[in-house]
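Have the model open while you read.

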Amino acid sequence: MSEERFGEFVLVRRHGDGGAGHVAELVLDRPKAMNAVSTQMARSIAGACAALGADREVRVVVLTSTHERAFCVGADLKERNSFSDADLVRQRPVARAAYTGVLELPVPTIAAVHGFALGGGFELALSCDVIVADRTAVVGLPEVSVGVIPGGGGTQLLPRRVGAARAAELIFTARRVEAVEARELGLVDELVEEGRDREEALALGARIAVNSPVGLRSAKRALRVGHGLDLRAGLEIEDAAWRATAFSGDRAEGVAAFNEKRKPVWPGE
C-alpha cells in the first residue's frame, strides 16, 4: 500500500495488487475537529480528487475517515464564525470545489460512513455512488438550524435518492437520522456491523475494480448524465457511452477472455 498526503488533512492510499491495487482510498484526516471541512481541508479534497480523476490506474475511490466517532461533521463553523461577508464570498468557490471534486470523479465512488455524517459531511457521502454505513451512523442535513441551507449539493442530491417530499421533510426539519432508519429511507445503501464500514466498502471497491476500467467510467457517465432526462434522451446518452466502450481495447479483451475461459487483462483504453 502506498500513501500520498494532500495538505495536512487529506490522505490518499492506494491498496495492494490485482483488483484491490486499483482501489484508491480518499481519507478525511482531521480527527481533532471530527473532520470539519475548513478552507484548507476543502482545497485538499479538491486537489486529491483532481489527482485521482486524472490517474488512469484508479478504477474505484473509497471515501473514509480516521475519526472513531465521525465520518465528517460538515463545515468548520468555528472558522466560519470569524468570517466577514467578504471572507464567506471568497471561500464559497473553494468549498464548492471540494464537493464537486468528489461528485465529478469519473470512476465509481463509495462512502464508508460511521458516526456523524452531518451537513457537508453527509453531502460528501451523497456525492458518492454508493454509501456503506455501520450501525453507529447518524446522518442528516441540519443547515437550516444554523441559518443556512445545504450548499454542497444536498438540495439536489438528496431528492434524487429519496424523492422530493422526503428530502423536503428531512431538510426542513434539520433532523438527524440514525442508521437503521437511514437504511430504510434509502439515505444509505448498505448497513453493516459496527466498525466494519471501511472494511466492507474497500471489499466492495475491490469487487468493482476487477471489471473493465473503460466500462466502469462509461457506465458511470451514462448513469450520471442520463439521470433525470426523459427516456429517449437517456437512451441516447447510453448509446454514446456504449459506443465509447464497444470499440475499445477493453471490449476486445473482455470478449477474448470470456471465450478463452480466463481472467481478462484490461488494457484500460
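Angles under 35 degrees count as roughly parallel, over 145 as roughly antiparallel, 65 to 115 as roughly perpendicular, and the rest as oblique. This is a predicted model, so local features need pLDDT of at least 70 and side-chain atom pairs count only at pLDDT 80 or more, while totals for chains, interfaces and linings use all residues. Residues are numbered from 1 along each chain as its sequence is written, and side-chain values use heavy atoms, with hydrogens and water left out.

**Helix packing**

Helices (H or I, at least four residues) and strands (E, at least two) are DSSP runs numbered from the N terminus. Axes are lines fitted to C-alpha atoms, for helices over the stretch in contact, and angles run from 0 to 180 degrees between N-to-C directions.

- H5 and helix H6 (residues 164–173) pack with axes 7 Å apart, at an angle of about 130°, so H5 and H6 are oblique to each other.
- On the H5 side, Gly 154, Thr 155, Leu 158, Pro 159 and Val 162 are in contact (heavy atoms within 4.5 Å) with Ala 164, Arg 166, Ala 167, Leu 170 and Ile 171 of H6.
- That H5 with H6 contact has seven nonpolar, two polar and one charged residues; here Ala, Val, Leu, Ile, Met, Phe, Trp, Tyr, Cys and Pro count as nonpolar, Asp, Glu, Lys and Arg as charged, and the others, Gly among them, as polar.
- Helix H1 (residues 39–54) and helix H3 (residues 85–103) have axes that come within 8 Å and cross at roughly 40°, which means H1 is oblique to H3.
- H1 goes past H3 in a left-handed crossing.
- Thr 39, Ala 42, Arg 43, Ile 45, Ala 46 and Cys 49 of H1 touch a set of H3 residues including Gln 91, Val 94 and Gly 101.
- Sorted by class, the H1 with H3 contact comes to nine nonpolar, three polar and one charged.
- H9 and helix H10 (residues 231–246) have axes 9 Å apart and an angle of about 170°, so H9 and H10 run roughly antiparallel.
- H9 brings residues including Val 214, Ser 218 and Arg 221 to this contact, and among those from H10 are Ile 237, Glu 238 and Ala 241.
- The contact of H9 with H10 splits into six nonpolar, four polar and two charged residues.

**Pockets**

On a 1 Å grid over the protein atoms alone, a pocket is an open set of points with protein on both sides within 12 Å along at least five of seven lines, a cavity is a set where a 1.4 Å probe fits but cannot get out, and lining residues have an atom within 4 Å of a point. Grid points are joined across faces, edges and corners, and a volume is the space filled by probe spheres set on the points.

- The largest pocket holds about 1,000 Å³.
- Its lining has 39 residues, and Ala 75, Arg 80, Glu 143, Ile 149 and Gly 151 lie nearest the centre.
- H3 gives the largest share of that lining, nine residues.
- The lining of the largest pocket is 18 nonpolar, 14 polar and seven charged.
- The second largest pocket has about 460 Å³ of space.
- Of its 14 lining residues, Cys 128, Asp 129, Leu 223, Arg 224 and His 227 lie nearest the centre.
- H9 supplies the largest share of the second largest pocket's lining, with five residues.
- Eight nonpolar, one polar and five charged residues make up the lining of the second largest pocket.

**Cavity**

- The count comes to one cavity of 30 Å³ or more, and the largest cavity has a volume of about 40 Å³.
- Residues lining the largest cavity include Phe 122, Leu 158, Leu 170 and Arg 175.
- By class, the largest cavity's lining has six nonpolar, one polar and one charged residues.

Methods:
A crossing is left-handed if the near helix is turned anticlockwise from the far one by less than a right angle, and right-handed if clockwise.
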